[in-house]
Amino acid sequence: MRITGGALKGRFTKCPDGVIRPAMDRMRESVFAILGDLTGKTFLDLFSGSGTIAIEAMSRGAEHVVLCEKDKIKVKTVFENVSMTEKVMHKKIECHFMPVELFIKRAKTKFDIIFCDPPFPYKFHQELIESISENGLLNENGIVLIHRPSEKDMPETIGHLKKKDYRIYGRSIVDFYEIDS
């Protein structure tokens, strides 16, 4: 997988063993173009897989980047991939290897951007967003993105969050939720 923008643009990440559905370069590039300048932002990558989304966020200026992945098979590859931010940018991505749901319950930090990319068979998309809302993980002007299969519907409002936009990429959709004001 290729980093599509920022300081690490053009560099490649490794794909870990195990089940993985990497976010397409085109979809990642489009989503990050929509998000705009990430300079100084905090970014959380849930269901990180290879760590590529977290690396992309840091490459594009995010100041504090955290990733969470529960599959222990992916640990070695994730560390290899995120090490490029340390080597090139002298910045470190904070890595957690545990179920996302547990991370959300324990997290004490608020984020400007939360990117959720659960496996397509995952059945708890709405509950995931609800948990993020209930646990107050989003900063006031922050945004939660969730990548889902097109056949899975998502409501307009979940907890304190309201869907502000969505984008279609082949058979998948990325929904954008913000705090409902």
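Student: What makes S7 and S8 a pair in this predicted model?

Tutor: Two strands pair if DSSP finds at least two bridges between them. Eight bridges join S7 to S8. That meets the cut-off, so the two strands count as paired. They run antiparallel. Tyr169 stands opposite Ser172 in S8.

Student: What does H1 touch on the sheet?

Tutor: Helix H1 packs on the sheet through S1, S4, S5, S7 and S8. The direction of H1 makes about 140° with that of S7.

Student: In what order do the eight strands of the open sheet lie?

Tutor: The order is S3-S2-S1-S4-S5-S8-S7-S6. The pairing is mixed.

Student: Why are S3 and S6 called edge strands?

Tutor: Each of them pairs on one side only. S3 covers residues 94-96.

Student: Why is Glu86 called partly exposed?

Tutor: Buried means under 20% relative accessible area, and exposed means over 50%. Glu86 has 37% relative accessibility, so it falls in between and counts as partly exposed.

Student: Where does Glu86 lie, and what does it touch?

Tutor: Glu86 lies in helix H3, residues 75-89. Leaving aside residues up to four places away in sequence, Glu86 touches Lys91 and Lys92. Contact here means heavy atoms within 4.5 Å. As for Thr13, 73 residues apart from Glu86 along the chain, the two C-alpha atoms are separated by 14 Å.

Student: Which residues of H5 are called buried?

Tutor: In helix H5, residues 125-134, they are His125, Leu128, Ile129, Ser131, Ile132 and Ser133. The term requires under 20% relative accessible area. These buried residues pack against strand S1, helix H4, S4, S5, strand S6 and strand S7. Just after H5, Gly136 takes a positive phi of about 60°.

Student: How do you know where empty space is left?

Tutor: Rolling a probe the size of a water molecule over the atoms shows it. Take the second largest pocket, with a volume of about 170 Å³. Of the 13 residues that line it, the closest to its centre are Leu35, Lys41, Ile113, Asn141 and Ile143.

Student: Which elements supply the lining of the second largest pocket?

Tutor: Helix H1, strand S4, strand S5 and strand S8 each supply at least two residues. S5 gives the largest share, three residues.

Student: What makes up the lining of the second largest pocket by residue class?

Tutor: Six residues are nonpolar, two polar and five charged. Leu and Ile count as nonpolar and Lys as charged. Leu35, Ile113 and Ile143 are therefore nonpolar lining residues, and Lys41 is a charged one.

How values were computed: Residues are numbered from 1 along each chain as its sequence is written. This is a predicted model: local features need pLDDT of at least 70, side-chain atom pairs count only at pLDDT 80 or more; totals for chains, interfaces and linings use all residues. Side-chain values use heavy atoms; hydrogens and water are left out. Helices (H or I, at least four residues) and strands (E, at least two) are DSSP runs, numbered from the N terminus. Buried means under 20% relative accessible area, exposed over 50%, partly exposed in between (1.4 Å probe, protein chains only). On a 1 Å grid over the protein atoms alone, a cavity is a set of points where a 1.4 Å probe fits but cannot get out, and a pocket is an open set with protein on both sides within 12 Å along at least five of seven lines; lining residues have an atom within 4 Å of a point. Grid points are joined across faces, edges and corners, and a volume is the space filled by probe spheres set on the points. Axes are lines fitted to C-alpha atoms, for helices over the stretch in contact, and angles run from 0 to 180 degrees between N-to-C directions.
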